[in-house]
Amino acid sequence: MIQIGLAGWGDHDKLYAAPGAAKNKLAVYSSLFPAVEVDSTFYAVQPQRTLSKWTSDTPADFQFVVKAYQGMTGHTRGRIPFPSEGVMFRAFRESLQPMIETGKLAAALFQYPPWFDCTRDNVRVVREARARMAGIPCMLEFRHRSWFEPDMTERTLDYMRRDEWIHSVCDEPQVGAGCVPIVEAATDEKLTLVRFHGRHVEGWLSGSAPNWRDVRYLYRYSEAELAEWAERLIRLERLSERVIVIFNNNSGGDAADNARQLMAMLGQPVPPLPKPEEPDAEQLSLF
């Protein structure tokens, strides 16, 4: 099974043009896509009541990929608003309970930063994170190329299999050390994640610019690029029972269009977008 969705549900205006759609975006979103990546959990550990509401606003078979809080993946460089790492991890685990209890948690996504390279100390960090998340499915995404250099790729994948990490296959600009190649492999028989970050090279290198968030994921995949990925997804589906695909190229409003385009390429039903309300026709006066 291949399930296609988007990163977040709030930034895709064309999905909510129908009257009243903007009042409950998640309910509308979940009528159009079977899965979503939750990014707000990266910026703060959300209260359990928030995840409970998201759970209740979606169909029974809907799936959430929940991004791990940034303090858990080193993005805060050691500064965390918790008394200890143990307390931080417990708070995150507890926040996931509504999704775990309803079977709607696909996995927690641990995305490590571009400076997190393949060293003995960082391997220890990853192992400790997995131990703290024992019993909860977890996805692993690296951003530093050293984890997937030719002499390290199989060793990294073998480690992920041993510690039961779900592989996150990435499509992203290939520039410098702060990116990883497409590694077409599965480390879990039940699930594989694929994330489309776009291929905007200049945007990928704009981390120091004030508008970097607006340009980094500014990219629209071509039909040829998606066709190539459709074949790759079919191969990945043979390795895992389920493949969740997330489009993260949100900056220009391209994610929803590309996702629906790929769904059609794979022969999946593409639900029609809710139609905007048409203005009332005015009676023309002849005099």
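Ala-230 is found in helix H10 of this predicted model, in which local features need pLDDT of at least 70, side-chain atom pairs count only at pLDDT 80 or more, and totals for chains, interfaces and linings use all residues. Residues are numbered from 1 along each chain as its sequence is written, and side-chain values use heavy atoms, with hydrogens and water left out. Helices (H or I, at least four residues) and strands (E, at least two) are DSSP runs numbered from the N terminus.

With a relative accessibility of 8%, Ala-230 counts as buried (buried is under 20% relative accessible area, exposed over 50%, partly exposed in between; 1.4 Å probe, protein chains only). Leaving aside residues up to four places away in sequence, Ala-230 touches Leu-262 and Leu-266, where contact means heavy atoms within 4.5 Å. Ala-230 and Leu-266 are 36 residues apart along the chain, and their C-alpha atoms are separated by 6.5 Å.

Two packed helices are described by the angle between their axes and the distance between the axes. For helix H10 (residues 223-237) and helix H11 (residues 255-265), the axes come within 10 Å and cross at roughly 55°. Axes are lines fitted to C-alpha atoms, for helices over the stretch in contact, and angles run from 0 to 180 degrees between N-to-C directions. H10 and H11 are therefore oblique to each other (under 35 degrees counts as roughly parallel, over 145 as roughly antiparallel, 65 to 115 as roughly perpendicular, and the rest as oblique). On the H10 side, the contact is made by Glu-223, Leu-226, Ala-227, Ala-230 and Leu-233, and on the H11 side by Asn-258, Gln-261, Leu-262 and Met-265.

In helix H3 (residues 48-56), the buried residues are Leu-51, Trp-54 and Thr-55. Viewed down the axis of H3, these buried residues fall within an arc of 100°, so they line one face of the helix; the arc is that of the directions from the helix axis to the C-beta atoms. Arg-49 and Ser-56, on the other side of H3, are exposed. The elements against which the buried residues of H3 pack are helix H1 (25-29), strand E2 (35-38), helix H2 (40-43), strand E3 (63-67), helix H4 (85-95) and helix H5 (97-102).

The loop between E3 and H4 contains Phe-82, which is partly exposed at a relative accessible area of 22%. Not counting residues up to four places away in sequence, Phe-82 touches Val-45, Tyr-69, Val-87, Met-88 and Ala-91. Phe-82 and Gly-71 are eleven residues apart in sequence, with a C-alpha to C-alpha distance of 9.3 Å.
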